[in-house]
Amino acid sequence: MNSLNNKNVLVTGGAGFIGSHLVDRIIQENPKQIHVVDNFFLGEEENLDEATAARPDLEISRLDASDLASMRDLVEEKQIEVVFNLAVIPLPTSLKYPVWTVSVNIGIALTFCELARANAIETLIHSSSSEAYGSAVSIPMNEDHPIKPKTPYAASKLAGDELVLSYVRTFGIDAAIVRPFNNYGPRQNPGRYAGIIPIVVRKLKNDEPIEIFGDGEQTRDYIFVKETAEGFIKVYEHDESRGKVLNLATGKEITINDLVAKMLQILGKSDHPVKHVEERIGDVRRHCGGVDLARKLIGFEPSVMPDQGLLETALWYQERL
């Protein structure tokens with residue numbers, strides 16, 4: 001089993017939602033050095049407050065992870081051994097700026113594939129997205145599920161995955177792909193690209209009706225972000241993951257209608273008005289991840305959206321919005 005103890009580790013997108021939680025989790029493994037690269041398009045420096053308190057030697061660089069030259073300079077200077085690649089331009093951006101989103105997301109994946117091919121890094125753990133599957137054809141959606149991305153973002157993430165796998169097959173790089181489903185938890189971006197949970201909290205705070213796209217019967221598989229971070233660590237630890245795509249999900253789906261109702265109940269606001277608005281372009285209808293492979297290869301055992309996790313998330317946003 002591999003260990004991050006005494007390793008030089010790089011997390012791209014490390015000031016983001018999932019990335020910052022992963023940094024916190026990596027610190028528990030006592031790496032020799034941990035470095036974060038983020039362009040701060042989505043990331044926030046305050047997301048790393050806990051990490052910098054725990055590891056004052058944490059280094060943060062404001063760089064573009066798709067820039068091969070700057071990434072080569074960084075990994076060589078810092079003698080990086082392991083890269084967790086979570087840098088990404090998000091789905092909503094691809095609906096307005098598809099060319100930029102696709103070119104950057106593919107460029108990020110290609111950059112670290114090249115660094116692995118050149119032996120500038122030892123191991124690449126690359127983050128994909130469940131959006132690569134598109135809407136569910138069958139449930140649960142395991143790693144053999146048909147691939148039909150619906151948005152430029154989803155297509156860019158799938159292209160990145162295929163690049164990583166091609167470099168594994170052609171050049172023998174040491175790499176694995178993590179495909180997280182919908183994450184929730186503290187630090188999720190509450191701004192323009194916010195998820196449903198911070199949106200609900202913001203609407204409550206402003207005493208505005210909560211807007212649900214379409215009929216609200218679209219489903220998602222929500223996993224608590226700290227469990228996703230644990231999954232990334234387990235993927236690195238287990239050689240059985242190499243050259244494979246592994247879902248990180250709960251295997252349970254919930255409709256957006258039910259999720260909103262659950263949140264309102266937990267927060268004691270069950271009578272708050274909810275209205276339905278026009279369906280969002282590119283929205284997948286149904287998502288529910290299959291986790292048998294992750295359970296088998298890395299011992300991944302997620303929990304299904306506990307009320308405590310949802311409450312912790314909602315209270316975090318209430319304090320900050």
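Modeller: With the term nonpolar core: a set of buried Ala, Val, Leu, Ile, Met, Phe, Trp, Tyr and Cys residues joined through side-chain atoms within 4.5 Å. Buried means under 20% relative accessible area, exposed over 50%, and partly exposed in between, with a 1.4 Å probe and protein chains only. The model is predicted, so local features need pLDDT of at least 70 and side-chain atom pairs count only at pLDDT 80 or more, while totals for chains, interfaces and linings use all residues. Residues are numbered from 1 along each chain as its sequence is written, and side-chain values use heavy atoms, with hydrogens and water left out.

Colleague: How many residues has the largest nonpolar core, and which have the most contacts inside it?

Modeller: The largest core has 35 residues, and L22, V23, I26, F84 and F232 have the most contacts inside it. Elements that each supply at least two of its residues include β1 (8-12), α1 (17-27), β6 (175-180) and α8 (225-237). Helices (H or I, at least four residues) and strands (E, at least two) are DSSP runs, numbered from the N terminus. A second, separate core of 25 residues includes C113, L115, V164 and A175.

Colleague: What does F232 touch, not counting residues up to four places away in sequence?

Modeller: Contact means heavy atoms within 4.5 Å. On that basis F232 touches I18, L22, F84, L86, I125, S127, V178, P180 and L248. S127 lies in strand β5 (residues 123-127).

Colleague: Is S127 buried or exposed?

Modeller: S127 counts as buried because its relative accessibility is 10%. Beyond four places in sequence, the residues it touches include N85, L86 and K157.

Colleague: How do I read a helix such as α6?

Modeller: Start with the general idea. An α-helix has 3.6 residues a turn, so residues three or four places apart point the same way. In this structure, the buried residues of α6 include Y153, K157, D161, V164 and L165. Their cover includes α4 (91-96), α5 (98-117), β5, β6 and β11. For length, the expected span is 1.5 Å times one less than the number of residues. Helix α6 has 20 residues and reaches 28 Å from first C-alpha to last, close to the 28 Å expected.

Colleague: Which side chain makes a polar contact with that of D161?

Modeller: A polar contact is a pair of N or O atoms within 3.5 Å; within protein, one must be able to donate a hydrogen and the other to accept it, and residues adjacent in sequence count only if both atoms are side-chain atoms. The partner of D161 is R179, at 2.7 Å. D161 counts as buried because its relative accessibility is 0%.
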